[in-house]
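Please open the model in a viewer and keep the selection panel at hand.

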Amino acid sequence: MDLLWTISTTLLLCSLLSILWKEFDRRRNRSCYLLDFVCYKPSDDRKLSSELCSDIIVRNKRLSVPDYKFLLKVVVNSGISEETYGPRSIIEGREECPTHDDCVDEVDDCMYRTLDELFLRTGISPIDVDVLVVNVSMFAPSPSLTSRIVNRYRMREDVKNFSLVGMGCSASPIAIDLVNNIFETRKRTLAVVVTSESIAPNWYCGTDKSMMLGNCLFRSGGCSFMLTNDPSLKHRAKMNLKCLVRAHIGANDDAYGCAIQKEDDEGRVGFHLSKSLPKAAVRAFAENLQRLAPKVLPMGELALYVLRGFRHRLWRSKEAKTDAATAARVNFKSGVDHFCLHTGGAAVIDAVGRALGLTNYDMEPARMTLHRWGNTSASSLWYVLGYMEAKKRLRRKDRVLMLSFGAGFKCNSCLWEVLRDLNDGGAWDDCIRAYPPQTLDNPFIEKFGWVKEA
Amino acid sequence: MPRAPLPEFSSSVKLKYVKLGYQYLVNNFVTLLLIPVMAAVYLELVRMGPEEIMGLWRSLRLDLIQILCSFFVIIFAATVYLTSRPQPVYLVDYACFKPPTTCRVPFSTFMEHTRLISSDEKSVRFQMRILERSGLGEETCLPPANHYIPPRPTMEASRAEAQLVIFSAIDDLVRKTGLRPKDIDILVVNCSLFSPTPSLSAMIINKYKLRSNVRSFNLSGMGCSAGLISVDLARDLLQVHRSSNALVISTEIITPNFYAGNQRSMLLPNCLFRMGAAAILLSNRRRDARRAKYRLVHVVRTHKGADDRAYRCVYQEEDAEGHSGISLSKDLMAIAGEALKSNITTIGPLVLPMSEQLLFFLTLVGRKLINPKWKPYIPDFKLAFEHFCIHAGGRAVIDELQKNLELSAEHVEASRMTLHRFGNTSSSSLWYELNYIESKGRMRRGDRVWQIGFGSGFKCNSAVWKCLRTVKTPVDGPWSDCIDRYPVDIPEVVKL
């Protein structure tokens, strides 16, 4: 009965091969490729110079002279240039009473411009999009922003759309996490993510100092990017997602309340940033790094870290060391080549850079992004990435770490691997040659020099 | 409307039995085929006797290797089959918010407040007419901030309402299921018209001290069908993360959305929307399968946003005086019907029995090839589902769906009674309706439930659940104190 023996061994081999194929296929599906990303560049009539900022601040008649000085000091020392953009309604004087159309137009301009360019550059038609995610933290009209996009681009009926709202400056990795999870359940899926922030409806018109910082630092910006898990598009992809870590310390009351939208004593809604924000940021950061380090660092570095930890415990000094300081001993640069840091402010970038042991060269993209674009909230990571690409820093097999903080309090990070040498100018195309500039100081520091005496 | 291809038989009673026989034949085709085959094999075995059977076995000359190989083949085939199946998603339990009686808004209170707030006599009368025909009862509830004259839609009051409805629902769910907040792996919150920063999901993480690696998502602006979108997202996440559970919160916060103007198309939400919230625990753990109430079978999402008419039919905008509100277009019912048709086209083949699909297919072929005048066959969804939960968006929506799907009064009773007792609670209404069916003792093991939600965009989403254990009454929930009074007869017009 050789025939029977042959049949049974063939069947056995077939089932073994099918299991192996299934496993291989599942791993293939796990990929999340970044096909392309487009950062938003508003029109030049929306530029916010320091002079214009000062005019806008002075329009608020409720503020006293010390308040003006405080705000101008923030603007001048923020590390933000004269080239950043603001919403039209604020520039035109309607900051205290923006209409619904103002808010919608602000977001529409960002979404449609970036999406038009994204579809043009990738050559992919909107009808092929399977998943659509929009995250704009502080504006959620009905129908949702995703419905606006589905309507404008006539997308399919079965497109899976999600509108993430309220997730703060750290929403980009959250959107990527959502898409990545969906990718693991479906094959050959194409996803488009739009990330932006809405400033027009959120201008603070009161006198509470903790709520006025947002007015000075947030600027208009946004980004649309396309992700896919289709292996046939790998050759066109820019980067591949390696891992993603989300840490949420909202269980701690101080952390939850340190960046919160609420009413001031006079009933005006503003975004309150408390003094305990840096502490919450450090805790969230440490939480995130603890889980990120094993996924990102090479074995050698991890072993060294463990050994250092043992030594530290055995020969403990009298002073207690914080987790962030311990993190400084870990050399993240052994596993990561480029760092996309959230441009929350000059102090944030410096603090994170110090904690990770980064040089000025490493922090340059984030500092330059803060200078050129301001704090564009969740999309800032993409402007930083755009800088690196325009400066031709991103080479094949390089690893890029995106790190951001958000209200809640969250710290999210994701690691990408570059798939090919990248050299698109993107939104930086017309100004990259001027970077880095000689000085980051505000050119009006002489004019507003009196704030230094304040 | 005649349903059979040959209209002259449609009135015959005998046709009913022909249809039943046809359904039995087609749906159990494989079984019917197998019976004569099994019988023949058995008779043959009996005829052959044990010695002949042993002789046949020996003649195969199977040795140990071949037996082992065949054995391994069977084991491997079974493993491949089991691992390739999608992970089942179980609904362990759910809890709905029961509004306190202090928040009740009887008709008289509503009209009195409206007269005091609004200066325009015409819009007051218009709202009265809506209320008369709305199908709402006298026990629906509005949040405390809306009881002020005029309402005080502050952010603090909105957060307070959110805390009241969401935390009550979660506390209830924790009590029912013994869930420990530290065990929650996934959190999805949907609330369409209130989206503070930090999000409502962060608020829940803060209150219940959830873990730092919880995967949380906050969906907003997605309308009244967002509850099913959250369930869809939770399901996708549960496919990827083994041995996890997901907490889904569906709610609508009424406080910030009071419309203070006089444009008619924007006054309806004031009259219909009421307080509500639901907390749902989903899981893919094997041990939860034993105590779970339902298993999720399908979720189908349809988005008609590509069509401008559908996109504009529920639209937030400012009126001429600058008051922000949600405008509902007159085409809403027609668009809902079309969206439902699209959704049915996808869900039909997944849930309808073979007999209905075959009839539909044959009628389609017949219309194309033989005679285009044949009436299109509308599949009978009552064969696929025992219970229907239609979003209690308003009386007209329920009427329209009852007509389209040819449902009886009992099928839509849950929706009508939920609208009467709780009003339009937006995305959580489907869960109040499910609770009604359970409270009435109608939910048996093996029953299939179809939840249909509509929302701005225009979306039509549906979910299919299968009941895993008979739900015994009395059921702990928002209906526990009033289920005996229901169903009530809701008149066409309640004279105010």
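A cavity is a set of points, on a 1 Å grid over the protein atoms alone, where a 1.4 Å probe fits but cannot get out; lining residues have an atom within 4 Å of a point. This is a predicted model, in which local features need pLDDT of at least 70, side-chain atom pairs count only at pLDDT 80 or more, and totals for chains, interfaces and linings use all residues. Residues are numbered from 1 along each chain as its sequence is written, chains are lettered from A and ligands numbered from 1 in the order in which they are written, and side-chain values use heavy atoms, with hydrogens and water left out.

Select A:I56, A:I57, A:N60, A:L63, A:L71, A:W203, A:Y204, A:G206, A:M212 and A:N215, which line the second largest cavity. Its volume, the space filled by probe spheres set on grid points joined across faces, edges and corners, is about 80 Å³.

Next, select A:I199, A:N202, A:G214, A:N215 and A:F218; among the 23 residues lining the largest cavity, these lie nearest its centre. That cavity holds about 300 Å³ of space. Helix 8 of chain A gives the largest share of its lining, four residues (helices are DSSP runs of H or I, at least four residues, and strands are runs of E, at least two, numbered from the N terminus).

Finally, turn to chain B and select residues 20-43 and 64-82, where UniProt, in an unreviewed entry, places the feature "transmembrane region"; such annotations may be inferred rather than shown by experiment. Residues 20-43 of chain B are 96% helix and 0% strand, with end C-alpha atoms 32 Å apart. Residues 64-82 of chain B are 100% helix and 0% strand, and their end C-alpha atoms lie 27 Å apart.

Notes: On a 1 Å grid over the protein atoms alone, a cavity is a set of points where a 1.4 Å probe fits but cannot get out, and a pocket is an open set with protein on both sides within 12 Å along at least five of seven lines; lining residues have an atom within 4 Å of a point.
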